[in-house]
Amino acid sequence: MSTPDHVVTVRRRVDAPADELYAAWTEPELMRRWLAEVVDTDVNVGGRYRFPSSDDGDPAQANSLTGEYRVLEPGHRIVQTFCHADPGVDGQVDEFVEVRFHPLGPAATELTVTNGWHGLGLSEEERAAVLAGWSEWLELLVAAVMHPRAAEH
């Protein structure tokens with residue numbers, strides 16, 4: 001992957017071991033607790049994933065996210081392509097997500113999510129929306145790891 005034209009990065013300290021966070025990002029039954037109710041994934045380098053998301057449950061606003069796993073380093077790093085299946089989302093090429101898990105001790109991790117792409121940039125409003133979206137997903141991830149029963153659908 002070449003250096004992207006545009007990057008949005010979110011960092012979060014989580015009171016959980018890196019291995020637990022990695023598992024929540026790669027094990028389908030755990031992914032369903034925070035990422036999407038439907039998860040279709042082959043978690044192997046070169047494997048593909050797909051999960052539908054929607055805007056407030058409105059099927060008309062549904063936008064499936066798809067991609068391919070490029071790097072899987074358990075407990076350390078994930079790199080995956082990131083494509084919006086909605087034809088209304090365009091202008092971003094070679095989009096990817098890199099997730100880094102940096103242990104801060106036995107029960108704490110700094111989680112860094114980098115979303116990068118080539119092509120069109122974002123307005124300040126769009127950038128704020130992307131940051132808010134990633135922050136919301138990380139909140140859901142933390143809830144699923146810290147309180148797994150409460151996070152189940």
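Glu73 counts as partly exposed because its relative accessibility is 34%; partly exposed lies between buried (under 20% relative accessible area) and exposed (over 50%), using a 1.4 Å probe and protein chains only. This is a predicted model: local features need pLDDT of at least 70, side-chain atom pairs count only at pLDDT 80 or more, and totals for chains, interfaces and linings use all residues. Residues are numbered from 1 along each chain as its sequence is written, and side-chain values use heavy atoms, leaving out hydrogens and water.

Glu73 forms a salt bridge with Arg77, with the closest N and O atoms 3.5 Å apart. A salt bridge puts a side-chain nitrogen of Lys or Arg within 4 Å of a carboxyl oxygen of Asp or Glu. Arg77 counts as buried, at 19% relative accessibility.

## A network

Arg77 also meets Glu98 in a salt bridge (3.0 Å, N to O). This pair links distant parts of the chain: Arg77 is in strand β5 (residues 77-81) and Glu98 in strand β7 (residues 92-105), 21 residues apart. Strands are DSSP runs of E, at least two residues, and are numbered from the N terminus. Glu98 is buried, at 14% relative accessible area. Glu73, Arg77, Glu98 and Arg100 are linked in a network of salt bridges.

## Another pair

The whole structure has seven salt bridges. One of them joins Glu68 and Arg48 (3.7 Å, N to O). Glu68 lies in strand β4 and Arg48 in strand β3 (residues 48-55), so the pair ties together parts 20 residues apart in sequence. Glu68 is partly exposed at 23% relative accessibility. Arg48 is partly exposed at 45%.

Note on methods:
Helices (H or I, at least four residues) and strands (E, at least two) are DSSP runs, numbered from the N terminus.
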